[in-house]
Amino acid sequence: MKGTLTGVSRAGVRLDLDLNALLTDQARESIRAETNGWIKRLRHVRYGASTMRERFTYRGDSLWWFTELYLQKTRHLERAVGVVRALETAVERFDLSGVELRMADSAARQATQAFCASRGLSCVVHDRDRQAGARWRGYLIGAGATLSRLRPHRMGRVHAVEVAAFVHTAFWRASGDQHPSQESYVGAVLDELTRQVGSTSLACVGLGPRRNFRARRWWDPLLGAPIAGPLVTSIEQLAPRAALRGSRVIWRGREALARQIVAPDDVRQAAVIRGCDLWPVLRHELQDAARLQWPWSARAMDEAGAALDRLSPAVVVTYAEAGGWGRALMLEARRRSIPSVGLQHGFIYRDWLNYLHEADEMTPLEADAGFPLPDRTLVFDEYAARQLRDHGRVPAGNLAVTGSTRLDELAARVGALRTDRAKLRTVLGVGPQQQLVVLAAKFSEIADELPALGRAVAGLPSVKLIVKPHPAETSAVYHDLVTADRRISVASATADLGELLAACDLLVTKNSTVALDGLVLGIPALVLGLPSNLSPFVDEGVMIGATRDTIAAALGGVLYDREARDLLVSKAAAFAAHHAMRATGTAAVQAAHEILALRRGTRADHQPAG
């Protein structure tokens, strides 16, 4: 919510206000929950005799499963609710009679205007509302489907297979030796599947362009670099243009659908939040969902269906089952009665709408077969399983705890390095009397906490801090922190995390899942910027939290108070054991066993869907 907001008090005093500063961390967390609830309620909006979930479908499955993802992904509704909450605080604190606004974010501007109208405040907006070019982007969805099929593709396997694994092409690591382990997220599982069924019985289907989404351009479907190596078959190769007839109908009718989704009075009334009429924001988001998300999702369903018909797998596997592409794949696998498996590949955040479902969403309707849930979801531990059972309404029979291959690999690496920990610390520049603290976090998330962390380290002469940047970031963003103290350094984004964890005495983070690895590896964690996705672990007493004013005390307590440190590590170990959070060294084998056990008994029972 970047921009300038000037408030005018009833006494005539003009005040420059920072909307973000008006929100506490607790408020931001509740805003996301409030927005999630708003999005979820929209499925019940009436369109005559039907609800939104029932009214808009494709091949008998609801497009609601993709609509909710779009509404969360853009964050426009969340920003609108945040503006309303911030202005509520401003009015109460400063007794405002009006506001003057300069802001590029259209959702924030519209929310400000709606708030002022609801409270009888004057409102002056200096910037005109700018549309985000949804019509052009909607056109590109259809154009991209055609262009991607003009690009030369390496011909690969198209015969029937035992296992079809759908992976994002951008995360397939290039290397000299071709191996399924090149897949960044679940490579170890794919490797084990290959050992058990043979390389010709596993097909890896590549989704999307070669470049990571942050670096993609509109011309990538035509000119993007080909997939590296012979192990991945692009989805375009398996789904020719003729397979997209159905989704092209949706694409051509996108403007009509955009009008229909905002037509009834019920959806208009659903835009009132905290007494503010946020219809301009909601209308824009719903129409863009019809223009952009629905044609893309229908195309994904067509592509997934065509690929399944070509490969005729005995079981389908993906780690993206909760996202847009994954849901499309689950729908098409279910339509063909092909067993499906979802693999956990990261921490399941408690406010991640992808994994938050209500009981009625799991129930089939006449117009819709229900949420596209995998037949089996393989999770790291009981903590993740409980999250999916309690908040995702996933039946216990659909879940299996198989462990984390990443944790297995990391634990083995750390264990080996700890055999000569003193030498490792010397290589990292840690003195014999120093305590090593490792910061592992996204700069975009922890930036506001860094000045206070730097001051705390400066006050503890025996502490050395090494920053491990997120793989998507560079060391340059930490320039100010590093120059503040020579005992602070930044490792490469590609540095060996195992080395840093084997050598460190304390891990500092905000949201990083590395802190969860620390529970198992005996490394205490200090969490900054609460509340965060790690708040439940702080509340359980298995990690410690600190405000900006208490970082130094928290660091000192863990690093120098042996009794306090031992208690924290002991509680963390007990918590990890209770939730089966452990490195077994067999996660890949267990996952492969669950996947192969789910295979259909014979191929004769498979009839491609028409």
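This briefing walks through the packing, cavities and strands of the structure above.

The model is predicted, so to speak of local features a pLDDT of at least 70 is needed, side-chain atom pairs count only at pLDDT 80 or more, and totals for chains, interfaces and linings use all residues. Residues are numbered from 1 along each chain as its sequence is written, and side-chain values use heavy atoms, with hydrogens and water left out. The protein has 26 helices and 23 strands, which are DSSP runs numbered from the N terminus (helices H or I, at least four residues; strands E, at least two).

**Overall packing**
- Of the 610 residues, 54% are buried, meaning under 20% relative accessible area with a 1.4 Å probe and protein chains only.
- Among contacts (heavy atoms within 4.5 Å) with a separation of 6 or more, 76% are between residues 24 or more positions apart.

**Nonpolar cores**
- A nonpolar core is a set of buried Ala, Val, Leu, Ile, Met, Phe, Trp, Tyr and Cys residues joined through side-chain atoms within 4.5 Å.
- The largest one holds 83 residues, and Leu-42, Met-52, Phe-166, Ile-261, Leu-278 and Leu-286 have the most contacts inside it.
- Helix 13 (residues 279-311) is the greatest contributor to this core, giving 15 residues.
- Beyond four places in sequence, Ile-261 touches Tyr-47, Met-52, Phe-56, Val-267, Leu-286, Gln-287, Ala-290 and Trp-294.
- A second, separate core has 37 residues, including Ala-411, Val-414, Ala-572 and Met-581.

**Cavities**
- Four cavities of 30 Å³ or more turn up in a search of the whole structure; on a 1 Å grid over the protein atoms alone, a cavity is a set of points where a 1.4 Å probe fits but cannot get out, and lining residues have an atom within 4 Å of a point.
- The largest cavity contains about 100 Å³ of space, a volume being the space filled by probe spheres set on grid points that are joined across faces, edges and corners.
- Its lining includes Glu-321, Tyr-355, His-357, Phe-371, Thr-377 and Leu-388.

**Thr-377**
- This lining residue sits in strand 16 (residues 376-379) and is buried, with a relative accessible area of 6%.
- Leaving aside neighbours within four places in sequence, Thr-377 is in contact with Glu-321, Gly-342, Leu-388, Asn-398, Leu-399 and Ala-400.

**Strands 21 and 22**
- Strand 21 (residues 506-509) runs parallel to strand 22, joined by three bridges; strands pair if DSSP finds at least two bridges between them.
- Leu-507 has Ala-525 of strand 22 as its bridge partner.
- Strand 22 (residues 525-528) is covered on both faces, with Ala-525 and Val-527 buried on one side and Leu-526 and Leu-528 buried on the other.

Definitions and conventions
Buried means under 20% relative accessible area, exposed over 50%, partly exposed in between (1.4 Å probe, protein chains only). On a 1 Å grid over the protein atoms alone, a cavity is a set of points where a 1.4 Å probe fits but cannot get out, and a pocket is an open set with protein on both sides within 12 Å along at least five of seven lines; lining residues have an atom within 4 Å of a point.
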